[in-house]
Amino acid sequence: MIDSVYTSKIDTWLLVVLLVSAGVALVAAGATLVTKSVFAIAIGAFIAAIGAGLPVWLLTSTKYTIGSERLLVQSGPFKWKVPLSEISSVEPTRNPLSSPALSLDRLHIKYGRGQELMISPKDQPAFIEELERAREDAA
């Protein structure tokens, strides 16, 4: 089986929030340049890397890969490996709790011993169909 990759659906409001926060971080970091202090510039660089880099990284890297034995969820520096054989349920949700999902149009995945994860593949019907097929093949 060839791994299938699904990107995250991105809600417009979240896109705006992440881009504005990245912009504010860059402006704040840029403001440190006028001080000409090496320490202030180092702090500014750190602010830019975290405050602008992380939101952009999340926006560009959040994806879900269905393999022959596992579901790999990636979002920025974070990764979850979910064995297909341990998935007990996949249900739609709009739960706003923090998760590797860039939309409130989510799937709530229960797996393992009480573990949960919410994701937001752009094409949910195709994702669910392929995930179920992969789970059957893995069993």
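**The salt bridges and their surroundings**

Analyst: Asp3 has a relative accessible area of 40% and is therefore partly exposed, a class that lies between buried (under 20% relative accessible area) and exposed (over 50%), with a 1.4 Å probe and protein chains only. This is a predicted model, in which local features need pLDDT of at least 70 and side-chain atom pairs count only at pLDDT 80 or more, whereas totals for chains, interfaces and linings use all residues. Residues are numbered from 1 along each chain as its sequence is written, and side-chain values use heavy atoms, with hydrogens and water left out.

Side chains of opposite charge can pair when their charged atoms come close. If a salt bridge is taken as a side-chain nitrogen of Lys or Arg within 4 Å of a carboxyl oxygen of Asp or Glu, the count comes to 4. One of them joins Asp3 to Arg70, with 3.9 Å between the closest N and O atoms. Asp3 belongs to the segment before β1 (4-7) and Arg70 to strand β3 (residues 70-75), so this pair ties together parts that are 67 residues apart in sequence; helices (H or I, at least four residues) and strands (E, at least two) are DSSP runs numbered from the N terminus. Arg70 is partly exposed as well, because its relative accessible area is 28%.

Another salt bridge links the side chains of Lys9 and Asp105, at 3.0 Å from N to O. Since Lys9 sits in the loop between β1 and α1 (12-31) and Asp105 in the loop between β5 and β6, the pair ties together parts that are 96 residues apart in sequence. Lys9, at 30% relative accessible area, and Asp105, at 26%, are both partly exposed.

The loop between β5 (87-93) and β6 (106-111) also holds Ser103, which is buried because its relative accessible area is 2%. A polar atom of the Ser103 side chain lies 3.0 Å from the backbone nitrogen of Asp105. Apart from neighbours within four places in sequence, Ser103 is in contact (heavy atoms within 4.5 Å) with Lys9, Ile10, Asp11 and Ser120.

In helix α3 (residues 124-138), Glu132 and Arg135 lie 3 residues apart, about one turn of the helix. These two residues form a salt bridge whose closest N and O atoms are 2.9 Å apart. Glu132 is partly exposed, because its relative accessibility is 30%.

Methods
Polar contact = N/O pair within 3.5 Å; in protein donor to acceptor, adjacent residues only side chain to side chain.
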